[in-house]
Amino acid sequence: MMMMCSSLVLLGLIGVSASSSGSSSSSPRMKLSYKDLQQFNGIKWFDLEHSCCFGALLLDEERGRLFVGARNFLLSLSLDNISKQEQKIYWPAPVDWREECNWAGKDINTDCVNYVKVLHHYNRTHLYACGTGAFHPTCAYVEVGQKIEDHVFKIDPSMVEDGKGKSPYDPRHTSASVLIGDELYAGVATDLMGRDFTIFRSMGRRLSIRTEQHDSRWLNEPKFIAAVGVPESENPDDDKVFFFFRETAVEAQGFGKVTYSRIGQLCRNDMGGQRSLVNKWTTFLKARLVCSVPGNDGTETHFDELRDVFLLQTRDRKNPLIYTVFTTSSSVFQGSAVCLYTMNDIRRAFLGPFAHKEGPNYQWVPFQGKVPYPRPVLSPLKAGRCSCVEY
Ligand SMILES: *[C@@H]1O[C@H](CO)[C@@H](O)[C@H](O)[C@H]1NC(C)=O
Ligand SMILES: *[C@@H]1O[C@H](CO)[C@@H](O)[C@H](O)[C@H]1NC(C)=O
């Protein structure tokens, strides 16, 4: 009853079973080894000494560059051949932050360094980059010049700023963000302990807004995968921002710890509430993202754990195609699947009724009747209307 986006198209279903790889030419290829790749002559190798952890990639087709965030480094590689014409910026965390981090009980070499995690195009001459900064998130504007020939690649130290709510503190944490106009929308932990996960809007001229703190109906131990902006109409006031993540499902409480995948929706014109929800989102809604296949006996096999998202732009910017990769969370059956969603699937899900629960001992059901004020901001099961009108 509560399945969202169920009109998905299942593109591929890959049972991961090590023994079946490449045994016959008719079976799909399960693995591509390094040797196979070399045979295709397709390998161009890039290696950076004293670094690792290439945690952010940003393609720049106009300049023919691939920008890369790594441990203590930012790189600018040539798209033709990543082995040549490398430019790099050494961007370590300051010594006192590293010491502070070490005093807090973190490892000086693996934790207390700067892992570059966030890279976005900012304007025609600059990128915006953020790193963990030895558990002291930091961001910087990176000058890249207007044209390839400019050969600029540098950080102006006077343009380094606080990265809280933009980059994770902990290098092991995932985050997702998108820069729209001059505002950053980030799904990230905003505290040192990594407990306060939030979807946070910052930069730009408006006041920062975020999700409600420590409320499991909003976000429940989320792992953020991707964030994208999609226009809804010709009117920029209708623009939406979508977050893809997986989290512990509140609606499956009592069944142990169950992971569901989600799509969260926000309106770009959200200014936060006036009386309640001040500096909090008033348009945030989320729905379950379902990727499943029906079996012969009528039971559904669910792939509950979202791993990656790719937006394929079409001629109509309002209707990109959303390709996703999921894995199962079962230890008995392990597999992965690719699911494709259209914006119609997504929009339809968010037009459905809110999920609602009378009390701790009740089931989640669709909300009947008039939506109260303040509305149930969150509907972990099924999403309600997002009219982009402030409550
Ligand atoms: C790529 O660049 C490296 C270093 O300049 C060079 O050795 C290599 O031959 C180049 N590869 C190709 C395919 O152009
Ligand atoms: C891009 O942004 C940076 C940082 O705010 C600024 O210094 C630079 O002038 C901007 N460039 C353009 C072309 O607007």
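Modeller: Let us begin with a ligand. The residues around ligand 2 are Y122, N123, T125, H126 and Y141, where a residue is near a molecule if one of its heavy atoms lies within 4 Å of it. This is a predicted model, in which local features need pLDDT of at least 70, side-chain atom pairs count only at pLDDT 80 or more, and totals for chains, interfaces and linings use all residues. Residues are numbered from 1 along each chain as its sequence is written, chains are lettered from A and ligands numbered from 1 in the order in which they are written, and side-chain values use heavy atoms, with hydrogens and water left out.

Biologist: How much of the accessible area of ligand 2 does the protein cover?
Modeller: On its own, ligand 2 has 360 Å² of accessible area, and the protein covers 54% of that. Such areas come from the Shrake-Rupley method with a 1.4 Å probe; for residues, only the protein chains shown count as cover.

Biologist: Changing topic, how many disulfides does a search of the whole structure find?
Modeller: The search finds 4 disulfides, a disulfide being a pair of cysteine sulfur atoms within 2.5 Å. In general, a disulfide is a covalent bond between the sulfur atoms of two cysteines. With the bonded cysteines numbered in sequence order, the pairing is 1-2, 3-4, 5-6, 7-8.

Biologist: Which cysteine is joined to C52?
Modeller: C52 is joined to C53, with an S to S distance of 2.1 Å. The torsion about their S-S bond is -65°, and the link is left-handed.

Biologist: Are C52 and C53 buried or partly exposed?
Modeller: C52 counts as partly exposed because its relative accessibility is 22%, and C53 is partly exposed at 37%. Buried means under 20% relative accessible area, exposed over 50%, and partly exposed in between (1.4 Å probe, protein chains only).

Biologist: Why is the disulfide of C101 and C112 called left-handed?
Modeller: The torsion about the S-S bond of C101 and C112 is about -80°, so this disulfide is left-handed. The pair links distant parts of the chain, 11 residues apart: C101 is in helix α2 (residues 95–103), and C112 is in the loop between α2 and β6 (116–121). Helices (H or I, at least four residues) and strands (E, at least two) are DSSP runs, numbered from the N terminus. C101 is buried at 4% relative accessibility, and C112 is buried at 0%.

Biologist: What about C291 and C339: is their link left-handed or right-handed?
Modeller: With 80° about the S-S bond, the link of C291 and C339 is right-handed. C291 lies in the loop between β16 (285–288) and β17 (292–294), and C339 in strand β21 (residues 335–341), 48 residues apart. Both C291 and C339 are buried.

Biologist: Lastly, where does G352 lie?
Modeller: G352 is in the loop between α3 (343–351) and β22 (355–356). G352 counts as buried because its relative accessibility is 14%.
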